Amino acid sequence: MTVREIKKEDIISLVNIGEKMHNAGSFKKIKYNKDKLFKLALSSLNSDHMVWFVAEDDGGYIGMIGGFISEFYFSDEKYASDFLLYIQEEKRGGKTAVKLLNAFEEWAKAKGVKEIRVGTSNGVNPEEVKKFYEWRKYDFIGYLLRKEL
């Protein structure tokens, strides 16, 4: 398995894989806009504050992580956060998530970020995701709640 930054030719396939993630979780009632996500991923190719990594093996794409750097709304200091971390269901349980998160952490550190904030908002296995991040030395600091209107 290899982990690398995405290339332009990866984007269409990753957008299609992202739709699987979208349809499996709490966002499934919200329309998935492939074109919007394609443009977002494309813009990351020339960005200093956004990145996407893909994990692949001989069989194709296994998973991906996307994230960004921003300033705290109350400070000039910067943090990194993820858009998503997704491993294809049949490939879960191995080292893929670890390797993707490592790549993201290394990218953030190289950009001078002092803190990474990650989470889960799609409602798929939130307790397992929490355990994974705590195992990786992330501190649990709160909740994310939603209300449909």
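A polar atom of the Ser 26 side chain lies 2.8 Å from the backbone oxygen of Ser 121. This is a predicted model, in which local features need pLDDT of at least 70 and side-chain atom pairs count only at pLDDT 80 or more, while totals for chains, interfaces and linings use all residues. Residues are numbered from 1 along each chain as its sequence is written, and side-chain values use heavy atoms, with hydrogens and water left out.

- Ser 26 is placed in the loop between α1 (11–24) and α2 (34–44), where helices (H or I, at least four residues) and strands (E, at least two) are DSSP runs numbered from the N terminus.
- Apart from neighbours within four places in sequence, Ser 26 is in contact (heavy atoms within 4.5 Å) with Ser 121, Asn 122, Gly 123 and Arg 146.

**Strand β2**
- Because seven of its eight residues are buried, β2 is largely enclosed by the rest of the structure; buried means under 20% relative accessible area, with a 1.4 Å probe and protein chains only.
- β2 pairs (at least two DSSP bridges between the strands) in the antiparallel sense with β1 (residues 2–5) over four bridges, and Arg 4 stands opposite Val 54 in β2.
- β2 and β3 pair in the antiparallel sense over eight bridges and form a hairpin with two residues between them, and the bridge partner of Met 50 in β3 is Phe 68.

Terms used. A polar contact is a pair of N or O atoms within 3.5 Å; within protein, one must be able to donate a hydrogen and the other to accept it, and residues adjacent in sequence count only if both atoms are side-chain atoms. Buried means under 20% relative accessible area, exposed over 50%, partly exposed in between (1.4 Å probe, protein chains only).
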